[in-house]
Amino acid sequence: MVPNTRILELGSFSDEQYGTLVALEATKEIPFEVRRAYYIYGVPENETRGHHSHNKLEQVLICVSGSVTIALSMPGENEEEVLLDSPTKGLYIGPMVWRVMKGFSEGAVLLVFASEYFDESDYIRDKDMYFIKAKEYFQK
Ligand code: TYD
């Protein structure tokens, strides 16, 4: 995997008759204190979102309905695509990872947990600037 990312296999309580429940606790299944959650839906299949990195923010992405592909990249690594197609599959993304969300299926809902309150100054939205900052960050 691209550094600072990993797949989280989320446990579930499944019942043939009543369906499935997934429970997530801060600092346990979600590996940080959760300060914010948001969700993205209604994205046309040919549209992409993201195209940014964060300086500090940690996130867990879960596609709770439908599917979406997350393209992850950073300097010196091959781009990696992670298909989120199950409500029991999470993707942890730490700081300094460039991400693009694409290929949203019809009805896809992408739920995101975040370690910090919204802060536009934590975003790196310029890819050239991202490569400069990421090279410094990963040299440490
Ligand atoms: P952005 O993170 O750029 O969306 P994406 O990466 O999915 O394309 O956010 C889109 C807009 O929503 C932007 O104007 C900032 C706003 N926003 C908030 O106000 N709070 C939040 O928690 C998030 C994630 C976004």
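Helices here are DSSP runs of H or I, at least four residues long, and strands are E runs of at least two. This is a predicted model.

**Stop 1: the whole chain.** Colour the protein chain by secondary structure. Walk from the N terminus: the order is β-β-β-β-β-β-β-β-β-β-β-β-α. The radius of gyration is 15 Å, close to the 14 Å from the globule rule for 140 residues, so the chain is as compact as a globular protein of that length. Switch to the C-alpha trace. Along its principal axes, the trace spans about 55 × 35 × 25 Å.

**Stop 2: surface and contacts.** Of the 140 residues, 39% are buried. Now consider contacts between residues at least 6 apart in sequence: 78% of them join residues at least 24 apart.

**Stop 3: the ligand shell.** Select Arg-36, Tyr-38, Ile-40, Arg-49, Gly-50, His-52, Met-101, Phe-118, Tyr-123 and Arg-125; these surround the ligand. By class, the shell holds five nonpolar, two polar and three charged residues. Highlight strand 4 (36-41) and strand 5 (49-54). Each gives the shell at least two residues.

**Stop 4: polar atoms at the ligand.** Zoom in on the ligand's oxygen atoms. Start at Arg-36: a side-chain N or O atom sits 2.5 Å from a ligand oxygen. Move to Gly-50, where a backbone N or O atom is 3.1 Å from a ligand oxygen. Finish at His-52, with a polar side-chain atom 3.3 Å from a ligand oxygen. How much of the ligand's area does the protein bury? Alone, the ligand exposes 530 Å², and the protein buries 61% of that.

Key
Residues are numbered from 1 along each chain as its sequence is written. This is a predicted model: local features need pLDDT of at least 70, side-chain atom pairs count only at pLDDT 80 or more; totals for chains, interfaces and linings use all residues. Side-chain values use heavy atoms; hydrogens and water are left out. A residue is near a molecule or strand if one of its heavy atoms lies within 4 Å of it. A polar contact is a pair of N or O atoms within 3.5 Å; within protein, one must be able to donate a hydrogen and the other to accept it, and residues adjacent in sequence count only if both atoms are side-chain atoms. Accessible areas come from the Shrake-Rupley method with a 1.4 Å probe; for residues, only the protein chains shown count as cover. Ala, Val, Leu, Ile, Met, Phe, Trp, Tyr, Cys and Pro count as nonpolar, Asp, Glu, Lys and Arg as charged, and the others, Gly among them, as polar. The radius of gyration is taken over C-alpha atoms; the globule rule is 2.2 Å times the number of residues to the power 0.38. Buried means under 20% relative accessible area, exposed over 50%, partly exposed in between (1.4 Å probe, protein chains only). Contact means heavy atoms within 4.5 Å.
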